[in-house]
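Please find below some comments on the coordinates you sent. They are set out as numbered points, to be read beside the structure.

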Amino acid sequence: MINKSENIKAIAQDIDYGKDPSPEEIDILIKALHSEDQSTVTRAGYALTILDKPIVLKVINNFTTFPYKSQFILIPLLAACNFFEIHKFLLSLLRTDTDKVLIDHLTLCLSKTHYFFLPLIFAELSNADNEYRQRIKKLLKLMGYQKTAPYLALFPELPFETFFRETFGDEEIDKILH
């Protein structure tokens, strides 16, 4: 008889080899995200986040039901996804969560993502309170000027120019605008 961990491993390997999981297998993986075993959560989270968007959306729709450790494991896996909705969700989490350790982890993971979510940040800045602006500022600083400057330079007029000057400094922003 196969134990739960081996079953998760077998499903994840099948997904790695291109097999589409059954609805039952997806349910098994989502339930595995409630496990206390970090390797089980990591394996299940990885398998789920490489699947199609409807499956990944199931993960974020259930995110708050997962244990804290599972959420912590899922954040970098989700940040590596290429879906607008995922990054919108992660920014929403950055806005609303109150756990400093989780916020710092989320900020670091978002800063390292390859997904271009700067337009989402512009939308978020339009109605951000001061605390959330500070979190976004920290995120942008971790991303670094070099990563954001090419995108900021695309705008004929820099939105939220004052905010970006506070974040990167006048000299760096002047390089973009002139």
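1. A residue counts as buried under 20% relative accessible area, as exposed over 50%, and as partly exposed in between. The model is predicted. With these cut-offs, Arg95 is partly exposed, because its relative accessible area is 28%. Glu124 has a relative accessible area of 10% and is therefore buried.

2. Arg95 and Glu124 form a salt bridge, with 3.1 Å between the closest N and O atoms. Arg95 belongs to helix 6 (residues 84-96) and Glu124 to helix 8 (residues 118-125), so this pair ties together parts that are 29 residues apart in sequence. The structure holds twelve salt bridges.

3. A second salt bridge to look at is that of Arg135 with Glu131, where the closest N and O atoms are 2.7 Å apart. Both residues lie in helix 9 (residues 130-143), four residues apart, which is about one turn of the helix. Arg135 is buried, at a relative accessible area of 12%.

4. Asp170 and Arg165 meet through their side chains in a salt bridge, at 3.3 Å from N to O. Salt bridges that share partners join Glu161, Arg165, Asp170 and Asp174 into one network. Asp170 itself is partly exposed, with 46% relative accessibility.

5. Which residues have the most contacts inside the largest nonpolar core? They are Leu48, Leu78, Leu91, Phe117, Ile121, Leu140 and Phe164, in a core of 60 residues. For Leu140, leaving out residues up to four places away in sequence, the residues touched are Leu118, Ile121, Thr148, Phe163, Phe164, Thr167 and Phe168.

6. Thr167, one of the residues that Leu140 touches, lies in helix 11 (residues 161-168). Thr167 is buried, with a relative accessible area of 8%. Apart from neighbours within four places in sequence, Thr167 is in contact with Lys137, Leu140 and Lys141.

7. Helix 5 (residues 68-79) passes a simple check on length. At 1.5 Å a residue, its twelve residues should span 16 Å, and the end C-alpha atoms are 17 Å apart, which agrees. The buried residues of helix 5 are Ser70, Gln71, Ile73, Leu74, Ile75, Leu77, Leu78 and Ala79. What covers these buried residues includes helix 3 (38-49), helix 4 (53-61), helix 6 and helix 7.

8. On the surface, Phe116, Tyr151 and Leu154 form a nonpolar patch, and together they have about 310 Å² of accessible area. Phe116 is in the loop between helix 7 (100-112) and helix 8. Is Phe116 buried or partly exposed? With a relative accessible area of 37%, Phe116 is partly exposed.

9. A last point concerns Glu25, which is placed in helix 2 (residues 23-32). Glu25 counts as buried, because its 16% relative accessibility is under the 20% cut-off. Not counting residues up to four places away in sequence, Glu25 touches Ile11, Lys19 and Asp20.

Terms used
Residues numbered from 1 in each chain as written. Predicted model: local features only at pLDDT ≥ 70, side-chain atom pairs only at ≥ 80, totals over all residues. Heavy atoms only, no water. Salt bridge = Lys/Arg side-chain N within 4 Å of Asp/Glu carboxyl O. Helix = DSSP H or I, 4+ residues; strand = E, 2+ residues; numbered from the N terminus. Buried < 20%, exposed > 50% of the residue type's maximum accessible area, 1.4 Å probe, protein only. Core = buried A, V, L, I, M, F, W, Y, C linked by side-chain atoms within 4.5 Å. Contact = heavy atoms within 4.5 Å. Patch = residues over 30% accessible without salt bridge, like charges linked within 9 Å, V, L, I, M, F, W, Y side chains within 5 Å. Areas by Shrake-Rupley, 256 points an atom, 1.4 Å probe, with all protein chains shown as cover. Expected span 1.5 Å × (residues − 1).
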